[in-house]
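Subject: Handover of a structural model

Dear colleague,

Please find the structure below, followed by an account of what was found in it. I would be grateful if you would read the two side by side.

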Amino acid sequence: MPQLKYCYKTGVTFTEKVYIHHFLLRILPFENEAQRAVEKSRYEILPKAKVCVGFDAFGNKIITGYIDEKHDFFEFLSEGTMETYEYKIRDPHLNRLYLYPSKLTKPAVRIREIHDRLHVLPEISTADKVAAISQAVASLLRYEPGVTGIDTTAEEALSLGCGVCQDFSHLMISFCRLNGIPARYAAGFIEGEGFSHAWVEYYSDGWWYAFDPTHNRPVETAYIKIAQGRDYADCPLDKGVFRGLAQQQLDVSVKTEQ
Amino acid sequence: MESTKKNDGISSVKAGRLYWMGRYAERVYHALHLLRKHYDRMIDEEPNAYKDFCFKMGIADQYTSAENFIESYLYDSENPDSIINMLEHLNDNAILLREEIKSETLSYIQLAINYMKSSKMKGKGLGGLQYITDCMLALWGSVDERIFTRQVRHIILFGKFVECIDLHIRFDYSLDRINNLYDRLKECFYGDYELFDEVQFYAFEKQLNIYNYKDSKTLAFLNNIFKA
Amino acid sequence: MEVVMYELLIKQRDTVNKWMDRFGVRFGIYKNGVFNEQLFPFDPIPRIITNEDWVEIETGLKQRVLALNKFLYDIYHEKKIVKDGVIPEEFIYSSSGYLPQCEGVTPSKNIYSHISGIDLVQNKDGTWYVLEDNLRIPSGASYPMIARSITRKVSPETFKTNILYDNRNYSALLRKTMDYVNVDNGLEVILTPGRYNSAYFEHSYLAEKAGVLLAYADDLIVEDDKVYYKGLYDKKERVGVIYRRISDDFLDPLVFESGSLLGVPNLFRAYSEGNVAIVNAFGNGVADDKGIYYFVPKMVEYYLGEKAILKNAPTYLPYFEEDQTFVLENLSRLVIKDVAEAGGYGVMFGRDMDDIRLAEVRKLVEIEPRRWIAQEVIDFIDLEIMDGEKKVLRKSDLRAFVLSGEDTMVWPSGLTRYTRNPHSFIVNSSQGGGFKDTWVMKKQ
């Protein structure tokens, strides 16, 4: 099965020195049936911080940390090698949460109208329904970076008619849930991308499967998941607060190769 | 049954507010006192005594006449040096300290500000401001009576005495008087050795005892003694 | 019915208002982005609640708040009320106040809503109805408390002739509640967002009277999952209970949405580890959601096995088919409320709509039934307020405060708010208007 070597780097530079900096990162891959570490994944954070690793409410591994003294840069790195398998994750106790609207996926007038028009046939398989939904999303959204933001809802992206992988995923999740298919947001790495990627996981008969609406294709393997939630708002990859008046400059790079 | 637990805590920012509350309250009281002394000279002896006041206070003399000075220095909220502005700064600090100084103490500041605003409307001038002085003295009384936590009271008094000494030095009071106040200042941080900057403190003391206290460096050291 | 004498209070209102001014009894409003603080207008005529009415209200409130607290525990644990079919799971999971992070977390002493603000109105036929439950950050008790303090000082005779319950004990009840849930005998603090919050007067006044520390976000730090107050000399003192006047969204910038600096990073962790009590707990929004309101009387039956003493205003949920039919047919005489958070349609009265508007609203209801709640319009009793020298009538409501500690204590008073605009049915502190003291008469 495909092995992927990943390296996720983020560098933040501040225009002025900042201090009392608290941060929370979701940068470590899951360990499940679809992906296992070949070499132990490692991470690095600079400047040196007091850190603690734990889990959040959605099962994501989180790194919380704190830097007291003044600094004008912040870098973190996560790398390792994962062996990926068929994307099928067992979950005997579905969290019912994933059936219902969430902040960024809440359907309003437009989404509901399209859902009504879509007429997803109830008797076809879940996998086929999901594929039909992805097809619909592909026809409704144009891939265009720089228009939507991290706060953009599915409804807003739909009226704009464009977005990035986050928006494609949110819109797809919204339709899945309207059709009674439990769905959740997944983020992580795929081969070659310069940034992290987002896709959709859907639940059927005790298993979570995945679909990539941005590329309009089912996910077979070779996707490394590092975060999941109802939508992006539940699991941003990095969050921080600090003291000091400074502008931030973000530099993100992801390198994934077989 | 009442709870006996004490919830005492002073953050660095709160300490700063207490200190500045003390300074502004003293500034209002003392500025009015000095103003009356100068105003008395302005009646017949020296109509321009207000210029001397400005010079000693270290504020810009931007006034066109004695009348303009009195009007503006008392009531003009656009004038950063005015008494009404001192009261507002005092209030800005005190209103964030209600739970420490108690509503009663805070109320004297509100009364002073209300009176100041109405006095302006009635064109009362300096003569009608005894009430402000009364409020400030009541404020100190209330600080004494209503604040039970020693450290809180002492930080406010620390500010009061720093301001008081500052003005005494500026306005040529005798070294005796200043030393008296200095003893009272020391009482405020006895035991709280980290509330003051030792270097500045000893430098200030030297200026009083050895060197010339009228040197401008004295004020610089004095104003940097408090550290929280 | 006792005759209550308050004419003296009307005569002495200028003196009372001077004292209010002196003590800075203010409320702030943001208008066009500018913060404007003014004295909260106080009307001298008290709202009178007869002892007979109070007995019923008090029992009803205790029952309601007890049930709501049990509901909150249940929702964040086994969800028995959902499994037993009383409340559809959708109402829980779609509620914006539902916080998945709170699943399985049990707050200190199992109490979620320590301070519950239950808004009541009285119908012209005398029946009391609950308009709304506020279990997150209900505010306003400090105003009648200080008003009573002042009116007793200015007009002692009034309180000799009328026998009513003293309400100046609110801060003592608050303190008692905080003492009860305090973890490890730590410091007790009120966490305020700061000077420019509408109810800042209340934050500082309650801290003064309850004898607790007033803290700002910068004063607190979480280390090793415990909360500390940063004092002088790098001193860190353990905090045991925080009465927070900041909403969930802003309380922990690392866990919940906002990256704002009003909150304390990692506070949620400290709370979920049981190292600090948060008053009111995280996640209460799922219980005071306008959609959940409909089910509260059923909660009383389910958790307490009793019939609810206090009635809800007759309410219909278009989510349920029979209710939806009823609502669409009777829209012109109902009031429709948008359950969705800020930016929604708010409150709309059917009787103010023309045929076109009615058709539009019907469509909205059909498309998103979960979003709407409809109620009969209650003709509430207007109260007299002084307008210059005349007495005029205005709409008003009553916010009762229930404190849940070792026991459930109902404060023998309440915040009565009235509208300024004679034609307005919406009583809300941020829309202008003023307040009255609320007198609960003792048994004669």
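Lys395(C) and Asp382(C) form a salt bridge, with their closest N and O atoms 2.4 Å apart; the term denotes a side-chain nitrogen of Lys or Arg within 4 Å of a carboxyl oxygen of Asp or Glu. Because Lys395(C) belongs to strand 18 (residues 390-404) of chain C and Asp382(C) to strand 17 (residues 382-387) of chain C, the pair ties together parts that are 13 residues apart in sequence. Helices (H or I, at least four residues) and strands (E, at least two) are DSSP runs, numbered from the N terminus. Lys395(C) counts as buried at 8% relative accessibility, whereas Asp382(C) is partly exposed, with a relative accessible area of 23%. Here buried means under 20% relative accessible area, exposed over 50%, and partly exposed in between (1.4 Å probe, protein chains only).

The basis of these values is as follows. This is a predicted model, in which local features need pLDDT of at least 70 and side-chain atom pairs count only at pLDDT 80 or more, while totals for chains, interfaces and linings use all residues. Residues are numbered from 1 along each chain as its sequence is written, chains are lettered from A and ligands numbered from 1 in the order in which they are written, and side-chain values use heavy atoms, with hydrogens and water left out.

Further salt bridges

Over all chains, the structure holds 53 salt bridges. One of them joins the side chains of Lys236(C) and Glu223(C) at 3.3 Å, N to O. Lys236(C) lies in strand 10 (residues 236-244) of chain C and Glu223(C) in strand 8 (residues 220-223) of chain C, so this pair ties together parts that are 13 residues apart in sequence. Lys236(C) is partly exposed at 40% relative accessibility, and Glu223(C) is partly exposed at 22%.

Strand 18 of chain C also holds Asp397(C), whose side chain meets that of Arg417(C) in a salt bridge (3.0 Å, N to O). The pair links distant parts of the chain, as Arg417(C) is in strand 20 (residues 415-418) of chain C, 20 residues apart from Asp397(C). Both Asp397(C) and Arg417(C) are buried.

In chain B, a network of salt bridges links Arg41(B), Glu46(B), Asp52(B), Lys56(B), Asp172(B) and Lys214(B).

Interfaces

Two pairs of chains touch, and the most contacts are between chains B and C. Contact means heavy atoms within 4.5 Å. Chain A and chain B do not touch, their nearest C-alpha atoms being 15 Å apart.

Between chain C and chain B, 31 residues from chain C and 31 residues from chain B take part in the contact. The buried area is about 2500 Å², of which carbon and sulfur atoms give 50%; buried area is the accessible area (1.4 Å probe) that two parts lose on being put together, summed over both. Helix 9 of chain C supplies the largest share of the side of chain C that touches chain B, namely six residues.

Between chain C and chain A, 25 residues of chain C are in contact with 28 residues of chain A. About 2300 Å² is buried between these chains, 58% of it on carbon and sulfur atoms. Two salt bridges cross the interface of chain C and chain A; one of them, at 3.4 Å (N to O), is between Arg243(A) and Asp218(C). Five residue pairs are in polar contact between chain C and chain A (both at pLDDT 80 or more).

Nonpolar cores

The largest nonpolar core has 126 residues, of which Tyr73(B), Leu74(B) and Phe158(B) touch the most other members. Such a core is a set of buried Ala, Val, Leu, Ile, Met, Phe, Trp, Tyr and Cys residues joined through side-chain atoms within 4.5 Å. Helix 1 (residues 12-44) of chain B gives the most to this core, with 12 residues.

Tyr73(B) and Leu74(B) are among the buried residues of helix 3 of chain B, a helix (residues 66-75) in which seven of 10 residues are buried.

Yours sincerely

Terms used: A polar contact is a pair of N or O atoms within 3.5 Å; within protein, one must be able to donate a hydrogen and the other to accept it, and residues adjacent in sequence count only if both atoms are side-chain atoms.
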